[in-house]
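Let's take a friendly walk through this fold, one region at a time. Please keep the viewer open as you read.

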Amino acid sequence: MDTTAPGIVFDAEGSCNFCDLHDRLEASFPLGNAGRRTVQRLAGDMRKAGRGRRYDCVLGVSGGRDSTYTLWYCVTQLKLRPLAVHFNDGFGNPVAGENMLRMCQRLGVELRTITSDWRESKDLKIAFLKASVPDMEEGTDLGIATALYGVAAKEGVQHLVIGQSFRTEGIAPLSWNFLDGRYLRAVHKQFGTVPLRPWQPNDPGFNLGIKEMVYYAFIRRIKTVTLLYHLDYVRSEVDELLVRELDWKNPGAHYFDDLYQSLIYYLNRVKFGIDRRLFNYSALVRSGQMSREVALDRVLQINSIEDEAVIALCIKRLGLTRAEFEAIVATPPKTFHDYPNSYRLLRLCRWPIKVMSRLNLIPESAYDKYFNCGT
C-alpha cells in the first residue's frame, strides 16, 4: 500500500493503518480449530433456520474461484442445502458462466439467475462513467446484494453466504468503493435517463439504502455469513481442488468473471491513478500467500485484466462510440463526496453499525469498511 490510497497513514515503523486493520481482523476471526468451530456453529444455525424449508441459505455465485470454493465447501463439507444465486447484468464472462452451470450440476444445487433490466443496468453504468468516480461498478455491486436479499426474502431464507475473505482480497479505501443506495440514486438522478423501478421486498431492483437494509436485517432477520473469514483458504491450493472436483476453469484473472472489470481497471489506472491490486496483493502478503517482492514486481506491469478487445466490447455494448468514451475519460476525477450520499448519517450510526456487523445482520467487514478504510 502507498500514498495513492486515500486516508492512508504510516507510523514511525512504516506500518500503515490498513495493516493495523488487517491485524485486528486476524485477531477477531482466528483460523485453525477456533475457525472450524465457528464454521460448524454457523452451519448449525443455518440448518436450524432451514428446517421445514427447501434451502438452508442463499449463496451468491459468479463462477470465479472464491464463490465456487464457498459453494463446494457448503455442500461437501458442511452438508448444507444452499440455493445458488447469480446476478446477471449483461457482462458475464462465458467461462465463468460455464463454471457455474457445471459446478451446480455436479453438486446437485439449484442455480437461480437474477437478470437485471438491461435498460436500467446499462443506464447506471453510463451514469457512473459520466459521474467521473472510481466506483464505476456501483450498480452491479448493489444489484448483487439486492438479488441475494430479494431471493432470500422470497424464499423465507434467513442466511446469505458470501464468498469473500479479507485475507485474500483486502478492503478497498472508501472513496474507491463506496456502496450506498442514496449515492446511486443521486448519480442516476443527475446522469441517468431510464427510470429505476421501485423497490419491492422480493424484487428490489437497484434499491438498497438504509431503509431497505433495516427491513431485511430487522424485519426479515436476514443475516450474512462470510464463511471464508474463518477458513484456512489458500488460493493456490484451492485452484487444484476446484479443477479436480468440479473441472473448474480459471476465467483468466481475479475478478474477470465480470468482463466489465477490464474497462474498470483500465479507467482506474489512466484516469484516477488507482491500482486496485495494491490492497488485494497487500492482503495476500499479510496472509503469507504472496511475497512482497513478487507483489511489487507485479504492480510494475499493467494488469492482464486490461484486455483492449474486451474494453472495446464493453464500450460497444454500452452503445457508446470510442470518441464519446474518451470524452468521458477526459472529465475531471471526482469521488462519492461530490454527490449526495449517506456518509454523514452512517458516521452518526457508528456504534449501531458495529453491533450489526458483529451480529451478522450486515457483512462482518461493513464497520471497518465505513470507519477504518480512509475517506
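## A strand wrapped by its surroundings

Strand 2 is largely enclosed by the rest of the structure, because 6 of its 7 residues are buried. Keep in mind that this is a predicted model.

Which strand pairs with strand 2 over 4 bridges? Strand 1, residues 57–60, does so, and the two run in the parallel sense. You can follow individual bridges here: Cys 57 has Pro 82 of strand 2 as its partner, while Val 58 is bridged to Leu 83 of strand 2.

The largest nonpolar core has 44 residues, and Val 58, Phe 178, Tyr 183 and Val 187 have the most contacts inside it. Contributors of at least two residues each include strand 2 (82–88), helix 5 (118–131), helix 8 (181–191) and helix 17 (350–358). Which helix gives the most to this core? That is helix 6, with 7 residues.

Apart from this core lies another one, of 33 residues, with Ala 5, Cys 16, Tyr 265 and Leu 318 among them.

Beyond its neighbours within four places in sequence, Tyr 183 is in contact with Phe 128, Val 133, Asp 135, Glu 138, Phe 178, Phe 336, Tyr 339, Pro 340 and Asn 341.

## Two helix pairs to compare by eye

Start with helix 3 (residues 65–77) and helix 4 (residues 94–107), whose axes are 11 Å apart and meet at an angle of about 5°. The two helices are therefore roughly parallel to each other. Helix 3 brings Thr 68, Leu 71, Trp 72, Val 75 and Thr 76 to the contact, and helix 4 brings Met 103, Cys 104 and Leu 107. By type, these residues are 6 nonpolar, 2 polar and no charged.

Next, look at helix 11 (residues 260–270) with helix 14 (residues 308–317): here the packing angle is about 105°, with the axes 8 Å apart. Helix 11 and helix 14 are therefore roughly perpendicular to each other. Their contact is made by Tyr 260, Ser 262, Leu 263 and Tyr 266 on the helix 11 side, and by Val 310, Ile 311, Cys 314 and Ile 315 on the helix 14 side. These residues divide into 7 nonpolar, 1 polar and no charged.

## An enclosed helix

Why is helix 12 described as largely enclosed by the rest of the structure? The reason is that 7 of the 10 residues in this helix (residues 277–286) are buried. The buried residues are Arg 277, Leu 278, Phe 279, Asn 280, Tyr 281, Ala 283 and Leu 284.

The cover over these residues includes helix 1 (17–28), helix 7 (166–169), helix 10 (235–246), helix 11 and helix 13 (292–298). Following helix 12 comes Gly 288, with a positive phi near 75°.

Methods:
Residues numbered from 1 in each chain as written. Predicted model: local features only at pLDDT ≥ 70, side-chain atom pairs only at ≥ 80, totals over all residues. Heavy atoms only, no water. Axes fitted to C-alpha atoms, helices over the stretch in contact; angles between N-to-C directions. Parallel < 35°, antiparallel > 145°, perpendicular 65-115°, else oblique. Contact = heavy atoms within 4.5 Å. Nonpolar A, V, L, I, M, F, W, Y, C, P; charged D, E, K, R; others polar. Core = buried A, V, L, I, M, F, W, Y, C linked by side-chain atoms within 4.5 Å. Buried < 20%, exposed > 50% of the residue type's maximum accessible area, 1.4 Å probe, protein only. Pairing = 2+ DSSP bridges.
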